[in-house]
Amino acid sequence: MKEVIIQGLRQAYSNLVHMFAEFLPRLLVMLVIVLVGLVVAYLLKTILRAVLHVTRLDRLSEEAGASRFLRMAALPSMTELLSRSLFWVTWCGFILIGISVLGVAGLQEQISRLFLLLPAIFVAILILFVGLVTANFLSRAALLAAVNAGYPSPKLLSWSIRFVIWALAVSMALEQVGVARQTVIAAFSIVFGAFMFGLAIAFGLGGKDLAREFLERNLGEKKREKYEEPQPL
Amino acid sequence: MAEESFLADDFIRQLMSVGEVDLLVGIPSYNNASTIAQTLHSVEESLRQNFVRERAVILNVDGGSGDETRQVFEQSSERREAGHKGLTSLRTIHRISCMYDRSPSQGVALRSIVAAADLLRARACAVISPATTNLTPAWIANLLRPVYREGLDFVAPLYVRSRFQGLLARDLLYPMSRAVFGQRIRELYSDEWGFSGRLASQCLEQDVWREEAVRTRPEAWMAVLAGSAGLKCGQYFLGPKTVSPSATGPDIVDAIRQTVGSFFWCMESNQPYWMGRSNSPAISTFGPEHELSADGIPPSQEKMFDLFRSGVNELEPILASILTPDTHAQIKAIALSDRAKFRFAAELWVKTLYEFAASYHHAVLNRDHLVQALVPLYRGRVYSFLLENANSSPETMEAQSEILCQEFERQKPYLLERWTGKN
Amino acid sequence: MLSQDENLWYKDAVIYQLHVRTFCDSNADGIGDFRGLTSKLDYLQELGINAIWLLPFYPSPLRDDGYDIADYTSVHPSYGTLQDFKDFLAAAHNRRIRVITEMVVNHTSDQHPWFQESRSSRENPKRDWYVWSDTDNRYQGVRIIFVDTEMSNWAWDPISKSYYWHRFFNHQPDLNYDNPAVREAMWEVMKFWLDIGVDGFRLDAVPYLIERDGTSCENLPETHEIIRDFRKRIDLAYPGKMLLAEANQWPADVRAYFGNGDEFHMAFHFPLMPRMFMAVKLEDRKPIIEILEQTPQIPENCQWCIFLRNHDELTLEMVTDIERDYMYDEYAVDKAMRINLGIRRRLAPMLENDRRRVELLTGLLLSMPGTPIIYYGDEIGMGDNIYLGDRNGVRTPMQWNGGWNAGFSTADPERLYSPLISNPVYGYQAINVDSQRRSAHSLLSWTKSVIQTRNAFRVFSRGSIEFLNPSNHRVLAYVRRLGEEKVLIVNNLSSSAQAVELNLQMYKRHIPIEMFGRNLFPRIGDLPYLLTLGPYQFYWFRLRRI
């Protein structure tokens, strides 16, 4: 009995030692992979940064207006952003490869699923971000234009624009990740439809006056006094 | 990566034919077929009368007009004055033209003009607008002569103004540029100006031609560049100016976006230059320093005040991010005051502008939006100005303008503080 | 009897202008004479010229370089005898060189017997041969030509106690052409020389023959009437003889002197000359094109006479004020170089002795439409002496060699009618015929070859001209054309290298052959013809279609 136990313990011990002896090199391999990954990622980042610098991506993004968004979102320049992303993506990839080398059962599958979902999540985040920035920008632009032109209720206009863009961005992001596709699309359609309907009614009601005014101005006598500001320049 | 040249082969060919010149007159155009012939004749007349011996070229840079502006320019015959036996000037007055296909832009046109000036080694250049209908030969000579004969590098025009005209320039651009850049140029933003070949070459070397500020309003940038390079600026009194009715100027919003936007951009891109300057020496002025005519009735501008008030209300969050709480509070306070007793004091106005400039520098929000947010405040200031000066004489207004300038200069340390401070 | 074509000899001529006094002295008196000139005819023949225009050689008090004639039908004793002249004429004709003499028809010297008689008393039959007046206020407003020396066109005669009319110096009274006797007398003078064998006359100061109240007294219809009369007589009795008008006027005004081919055969084109100089200085072809555009067509049997420099100042009367100021500033900074309304300088010094510009301008002169005149000495690039009075600075002795008196005379140097040019740059030791003859690359040799080229092609003397208008304004290009003979001339007026694209579509498939080296150039195709030219360079191409 005792021997059996000892046998078992020895067996277990030797198994453990065996397992450990088997696992240790893998761990080492993983560490090496992670380290190599770090170096490779760093190299890639440096190379990409240099390449982007040469191709003057920052100027291009400045011209496209993308840099302004980044500035407002307190993000670094486009070059920096891309090269850092590359660094993390590369390194993460290496880490995941390293983990898979460990050969832990179940983990493999999870990792491969994560790999599959990763781009979708990334895109969704991007969409939300762009949506946020765009909504902010356009609503402010509308607000300023409306205020400076003296249109009534500029805030309403500005908020409507912001809301529509938000709704669009959120539904696009959810659709991208694949969460309850049908529901999201239906929900967005309803919200958007309702909003448009509201707008149509609003414009219809408000436009009645506008249309009359327009007709009066163009067909009737031109008695409407013109608002003229002193010549600025 | 070799950059594509912005000069067309045909244009280079034309430049080759012209060869070295002494004077270059650039006429940027866009749908000016009805007036460009007249402009051209004035320029030719001016060259014939004032620069008999100089080699000269007239350059039309067209922004893709749909109305044959370019053809009119090229084909309009040289008008011969009834000279002796039909003989005209000593030399051929060259006439060349080129086109750019992007949307019409003063900056793009100017780039071709300074490139031509550089390649032809012109000593003095002028830019003339075909929309100015009362252009006389004397104007062109007056813009060219100080450069050609007196060695100036930038010559701004001076116009006769009625009392209530050009308020943006008088109430904002001139005093602010005088305080910030130390340049007493009255008309920093104009359609006609003169510059030297030296300045043209320096401009051409700058890598700023894609900047919005340079694309829309390159003249102020040029003046600031001249100042920062230690070149001499001056201004020449030209007289009253009228503009062809077909070419109405920009409305107030666009005017502010273009000029103030470009002004702030100039501040941004020339920091080392202006931050160290504390004085504004007088510049060479030919003719009277500044002339306001007594005519002009103050426009009754009830609506301006409404726009100011609603702007302060509606834009509250935006203004809050631009202005300091103290300044913002003062503005909100005057917005609540009685229409008739409304005053937008010079001190507050200067402070507001300096805070706007600093916020522009720190890019607290989109810079174009930031400049647009200034429009209601400017309207408030103009309304206040009109109330105060409804019956003032030109002399009083001149004196007030001088006081405003001094206020700008007095508060410059505040600008520096806001500018260098971290939000 | 000469053939019809031979009668047009003046159209094909290259004229050499000289003064007997300045050319060669055979009798060691310090003054050039006809025998000396005759001895130098070989040189002129070698040069390639085929006509000589002699400045006045008549007896004269020489107060206006011989233009104040005291006897029309004789030779000034300093220059030899009438027989010497006849010998010279024969020798010239032997070498197929024609001779044109001066006929000063407008006025005489106050030493002329006609004037002596006319002023002797108011009743003298010759009284009416000159223009007399009791007051000096007739013909008010008529311009004074020698503004530097004369105050009025009227001069007081103390003998007959009245005023006489003079357009030039006060010692040159104007003849009265309203008097038929004067015309007859002048015709007799012409007949005298034509009978001897002179080939043509240069009629001096033609526009001023007749005076009328209320006019500028220039270019009057009556003046033209007189010219037509002379011409008719010459055509009848002396066919093949030529009349050349000196009328310093705008081309449109000079045009009238050609009439319908029944007045002058030739006339000077005065305004062109300063504009050639101007164009080179401005580096712009505009002045030349402009003046030639202003130049009217002339009858078939007529010809313009063109020149760069002559015995007078480079006249700036036929330019605008702006142009005159420019010419003064560019070509006569020193006030001593200016006289009246002009510049008293020779070709080479005016062009700062720049061989390239001398050649360019000579090339222009010889390729432009018209009969060219070469002023003596300019073919070797002689200098001037602006410190000699009046226009004597451009009338110094011809420089034949580097020896005694430049080979002009064996007299003592002090005895010469004028000091030689002796500075190190233009002096006779440096610039003279003998040394230039020895070098194939001298200005003289170059001039010879270019004259030879011109003489070989009639298109130069008789062809039409058509300007090309390349966009490069520093290049003056034109095509001369006579039937199938076509010559393309391209001149770079600027001091820097130039590229030019010529539109030669009219001459597609032609082969340009450079005329001095006879080399072929690329055939003219569909594209604009591209040429590059060095500073002041010019090409003469014969366009051949083979």
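Trainee: Hi! Which pair of chains shares the most contacts?
Mentor: Chains A and B do, out of 2 pairs of chains in contact. Keep in mind as we go that this is a predicted model.

Trainee: OK, what about chains B and C, how many residues does each put into the contact?
Mentor: Chain B supplies 15 residues and chain C supplies 16 residues. On the chain B side, helix α1 (residues 9-18) of chain B brings the largest share, 3 residues.

Trainee: How does that side of chain B divide into nonpolar, polar and charged?
Mentor: There are 8 polar residues, 4 nonpolar and 3 charged on the side of chain B that touches chain C.

Trainee: Let's switch to chain A. How many helices and strands are there?
Mentor: Chain A has 7 helices and 0 strands. Of its 233 residues, buried ones make up 14%. Among contacts in chain A with a separation of 6 or more, 63% are between residues 24 or more positions apart.

Trainee: What is the mean pLDDT of chain A?
Mentor: The mean is 76, and 76% of the residues of chain A reach 70 or more. By element, helix α1 (residues 2-54) of chain A has the highest mean pLDDT, 85, while helix α3 (residues 66-72) of chain A has the lowest, 62.

Trainee: Where is the pLDDT below 50 in chain A?
Mentor: That happens over residues 220-227 of chain A, a stretch with 3 contacts in the model beyond near neighbours in sequence. Where pLDDT is low, the predicted coordinates should not be read in detail.

Trainee: Now the inside. Which residues touch the most other members of the largest nonpolar core?
Mentor: Leu244(C), Tyr257(C), Ala267(C) and Met276(C), in a core of 161 residues. Helix α10 (residues 272-282) of chain C gives the most to this core, 8 residues. Leaving out residues up to four places away in sequence, Met276(C) touches Ile288(C), Leu308(C), Leu361(C) and Leu364(C).

Trainee: What other core lies apart from it?
Mentor: One of 136 residues, including Leu15(B), Leu188(B), Leu199(B) and Ala373(B).

Trainee: Back to chain C, which residues of helix α12 (residues 321-331) are buried?
Mentor: In α12 of chain C, the buried ones are Glu323(C), Tyr326(C), Met327(C) and Tyr331(C). They sit on the same side of α12(C), because the arc they cover around the axis is only 100°.

Trainee: What covers them, and what is on the face turned away?
Mentor: The cover over the buried residues includes α10, β13 (342-343) and α13 (347-350) of chain C. The face turned away from the buried side carries the exposed residues Asp321(C) and Asp329(C).

Trainee: Chain B has a helix α12 too. How far apart are its end C-alpha atoms?
Mentor: They are 19 Å apart. Helix α12 (residues 302-314) of chain B has 13 residues, so at 1.5 Å a residue it should span 18 Å, which agrees. Its buried residues include Met304(B), Phe305(B) and Arg309(B).

Trainee: Last one: where is Thr295(C)?
Mentor: Thr295(C) is in the loop between α11 (286-294) and β10 (303-307) of chain C. With 19 other C-beta atoms within 10 Å, Thr295(C) is partly exposed. From Thr295(C) to Arg344(C) is 49 residues in sequence and 26 Å in space, C-alpha to C-alpha.

Technical notes:
Residues are numbered from 1 along each chain as its sequence is written. Chains are lettered from A and ligands numbered from 1 in the order in which they are written. This is a predicted model: local features need pLDDT of at least 70, side-chain atom pairs count only at pLDDT 80 or more; totals for chains, interfaces and linings use all residues. Helices (H or I, at least four residues) and strands (E, at least two) are DSSP runs, numbered from the N terminus. The expected span of a helix is 1.5 Å times one less than its number of residues. A residue is buried if 20 or more other C-beta atoms lie within 10 Å of its own, exposed if 12 or fewer, and partly exposed in between; C-beta atoms are placed from the backbone. pLDDT is the predictor's confidence in each residue, from 0 to 100. Two residues are in contact if their C-beta atoms, placed from the backbone, lie within 7 Å. A nonpolar core is a set of buried Ala, Val, Leu, Ile, Met, Phe, Trp, Tyr and Cys residues joined through C-beta atoms within 7 Å. Ala, Val, Leu, Ile, Met, Phe, Trp, Tyr, Cys and Pro count as nonpolar, Asp, Glu, Lys and Arg as charged, and the others, Gly among them, as polar. The arc is that of the directions from the helix axis to the C-beta atoms.
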